[in-house]
Amino acid sequence: MSDDSRPSLTGTLPETPDSARAGTPIAAVIPAAGRGVRLGPGAPKALRALNGTPMLIHAVRAMAASRAVSLVIVVAPPDGAAEVKSLLDAHALPERTDFLVVPGGETRQESVKLGLDALPPEYEIVLVHDAARPLVPVETVDAVIEAVREGAPAVVPALPLADTVKEVEPAAEADHPEPVVATPDRARLRAVQTPQGFDRGTLIRAHETVTDNVTDDASMVEQLGLRVVVVPGHAEAFKVTRPLDLVLAEAVLARRRLTDGF
Ligand code: C5P
């Protein structure tokens, strides 16, 4: 990462000082209501198994692995809340963490909003984490939390890109070549992951104000004109989207079992 792309946690926004937030409890909202059509036919994506355990359970454990996280709110498929509740009951989860399940909506954005509606008032910092990123390491979760506690209103974990990226004019008809309109400077681009971390009031305001359909919560905060900062993401925080990602995720779990003994 070049010097000018490092997160700057000093800025002009009114910020709550670190000392006031050092021990504040953290809640994580996990939108898990998507169907995951790109993964092929079958159960909703979050309920598909990775090495025998539903992806959602891996994602819940990844959030609860952080000692700072004391509540996880799972946003279930609209007709699947009871199933998700029994899945959580059936799997071992840390006792220090509380769990809530709420039904989700039509879009990811709606699902996150429904999760935020269930957030108890004592949580001033909230993470939003895709169930589709089941293997994010706890170091990444804690890095996001630390940056919010240091005063950033919104924090995203992200990685530099390996590929060069082209902007295209989408072809009017399928199978027609798409004209390239621009090649952004790769050194200034980042691929953004989750969990994204927020000052609670900022995220709620963003969800009340921004109506464009977005797939990234931080972009809503950007639209409010507030500062969003990046911390280093992790290769294992990749999103399980296509069938090949299931193979990769199971390989990561197999390697962890060998190296960590679980
Ligand atoms: O579809 P995509 O992979 O971008 O979804 C990202 C996350 O948002 C997934 O964890 C998915 O379950 C969730 N989602 C949701 N409600 C929707 C659509 C997606 O909770 N209506």
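This is a predicted model: local features need pLDDT of at least 70, side-chain atom pairs count only at pLDDT 80 or more; totals for chains, interfaces and linings use all residues.
Q: How many residues are in the largest nonpolar core?
A: That core has 37 residues, and Leu56, Met63, Val74 and Leu127 have the most contacts inside it. A nonpolar core here is a set of buried Ala, Val, Leu, Ile, Met, Phe, Trp, Tyr and Cys residues joined through side-chain atoms within 4.5 Å. Buried means under 20% relative accessible area, exposed over 50%, and partly exposed in between (1.4 Å probe, protein chains only).

Q: Which element gives the most to this core?
A: α2 does, with six residues. Elements giving two or more residues include α2 (55–64), β4 (69–76) and α5 (138–149). Helices (H or I, at least four residues) and strands (E, at least two) are DSSP runs, numbered from the N terminus.

Q: What is Leu56 in contact with?
A: Leaving aside neighbours within four places in sequence, Leu56 is in contact (heavy atoms within 4.5 Å) with Ile30, Ala32, Ala46, Leu47, Val74, Val84 and Ala131. There is also a second, separate core of 23 residues, with Val29, Ala154, Ala218 and Val221 among them.

Q: Switching to the ligand, which residues are closest?
A: Pro31, Ala33, Gly34, Ser111 and Lys239 are the closest of the 15 residues that surround the ligand, counting residues with a heavy atom within 4 Å of it.

Q: Which polar atoms sit by the ligand's oxygen atoms or nitrogen atom?
A: A side-chain N or O atom of Ser111 is 2.7 Å from a ligand nitrogen atom. A polar backbone atom of Ala131 is 3.1 Å from a ligand oxygen atom, and a backbone N or O atom of Ala132 is 3.4 Å from a ligand oxygen atom.

Q: Where is the cis peptide bond?
A: The bond runs from Thr194 to Pro195, with omega near 10 degrees. Pro195 is in the loop between β10 (190–192) and β11 (196–199).

Q: And Asp175, buried or exposed?
A: Asp175 counts as exposed, because its relative accessibility is 82%. Asp175 lies in the loop between β8 (167–168) and β9 (180–182), and has a positive phi near 75 degrees without being a glycine.

Terms used
Residues are numbered from 1 along each chain as its sequence is written. Side-chain values use heavy atoms; hydrogens and water are left out. A polar contact is a pair of N or O atoms within 3.5 Å; within protein, one must be able to donate a hydrogen and the other to accept it, and residues adjacent in sequence count only if both atoms are side-chain atoms.
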